[in-house]
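I opened the notebook to record what I looked up about the side chains packed inside this protein. The entries follow in the order I made them.

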Amino acid sequence: MSNVCCFGELLLRLSPKTNGEWIESATIPAFVGGAELNVATAIASWGIPVSYFTALPDNSLANDIKTYIREKNIDPSPIVTLGERIGIYYLPQGSDLKNAGVIYDRAHSSFSTLKRGIVNWDAVFENVSWFHFSAISPALNQEVADFCLEALEAASARNITISVDLNYRSKLWKYGKKPNEIMPQLAQYCDLIMGNIWAANLLLDIPIDPEVFVNNASKEEYLEHSITTAEALLKTFPKCKTVANTFRFDAFQGGIQYYTTLYKEGQQYVSPEFSTEKVVDKVGSGDCFMGGLIYGLYQNHAPQNVIDFASAAAYGKLQEYGDATSQTVEDVNANLFRQKIFRLEK
């Protein structure tokens, strides 16, 4: 079977307890993560052959991480040895990546020193049929953005399916360029664009109705706008054939309400609506959704089955601590079955 190749920066996540408790306990939980590695971890556990492409320094810590990646059934061979450090981010326990509490410590990381002309693309893309990246990488600096473009050019020349997650991090994009100055040039190579109606507007200049911009529309209005956004993306980026949008809202004083859509061949498919009053960890839920999309589309599953599985996987990740999911296919399907039964009973 051909591989899926996930490309992005590996990050170490440190999650201290709030109010300085980590100082007294002298411990901070650490996780190996990064959006694209989270995707790779999910689909590897679901039986899809996957490789991971990033840049790491030449030291014992990086060697330990490569061993960890290999043990997750992810091929680390595309990893480039470069630079001197691994990026870190600090996220207080119970916070979201969009929360002001996140602190990035990734300046001058190995990944941030990537530039055009240093990679053998024939080696990276050997036996690869799908290439995945996210909008986080080109947010770091212009050279990495240029490197992303080179990667997409190389993948496209080899007729490799390309997907992008329109991740937006407000604390990135600090090198003088706005997302909508960089991302449209990259999105033109993509077969699958995943994000939401707000990210499509911010990163790709896709129009958005001001009435829904402030999160006060009804579900029916959001679903209608999801179609409008998807059709605008397909028109703006003709190579794109599939669009996925997520809708996740805070609810129940610490919980969430969540549903998603998939637009393909002129039809929108809508997932069940998931809700929970308690969330263990919001980090990685979107990555798990992206992994679910790749899992289903890679195997040519029916569109409704694709979006149902991806949504159930993302919902399940909310109850797991850490960056990447450990759910099996059976776990995800059981979660989806329970949700459908619950809706029928209501």
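I began with aromatic rings and found one cluster formed by Phe-7, Phe-53, Phe-111, Trp-121, Phe-125, Phe-131, Phe-133 and Phe-147. I note that the model is predicted. I then looked up the count of aromatic pairs in the structure, which is 24.

I picked out the pair of Trp-46 and Tyr-295, which is edge-to-face, with 5.7 Å from centre to centre and 70 degrees between the planes. Trp-46 sits in the loop between helix H2 (35-45) and strand E4 (50-53), and Tyr-295 is in helix H10 (residues 285-298), so this pair ties together parts 249 residues apart in sequence. I checked burial against the cut-off of under 20% relative accessible area. Trp-46 has 5% and is buried; Tyr-295 has 10% and also counts as buried.

My next pair was Tyr-222 and Phe-247, which is tilted, at 5.5 Å centre to centre and 45 degrees between the planes. Tyr-222 belongs to helix H9 (residues 219-236) and Phe-247 to strand E13 (residues 242-251), so the pair links distant parts of the chain, 25 residues apart. I found both Tyr-222 and Phe-247 buried.

I also looked for a charge over a ring: Lys-219 lies over the face of Tyr-259, 4.7 Å from the ring centre.

Last, I turned to the nonpolar cores. The largest has 53 residues, and Val-4, Trp-46, Phe-289 and Leu-293 have the most contacts inside it. Beyond its neighbours within four places in sequence, Leu-293 is in contact with residues including Leu-192, Met-194, Ala-244 and Leu-262. A second, separate core has 52 residues, among them Val-124, Ala-139, Cys-190 and Ile-206.

How values were computed. Residues numbered from 1 in each chain as written. Predicted model: local features only at pLDDT ≥ 70, side-chain atom pairs only at ≥ 80, totals over all residues. Heavy atoms only, no water. Core = buried A, V, L, I, M, F, W, Y, C linked by side-chain atoms within 4.5 Å. Buried < 20%, exposed > 50% of the residue type's maximum accessible area, 1.4 Å probe, protein only. Contact = heavy atoms within 4.5 Å. Phe/Tyr/Trp six-rings, centres within 6.5 Å; stacked < 30°, edge-to-face > 60°. Helix = DSSP H or I, 4+ residues; strand = E, 2+ residues; numbered from the N terminus. Lys NZ or Arg CZ within 6 Å of the ring centre and 35° of its normal.
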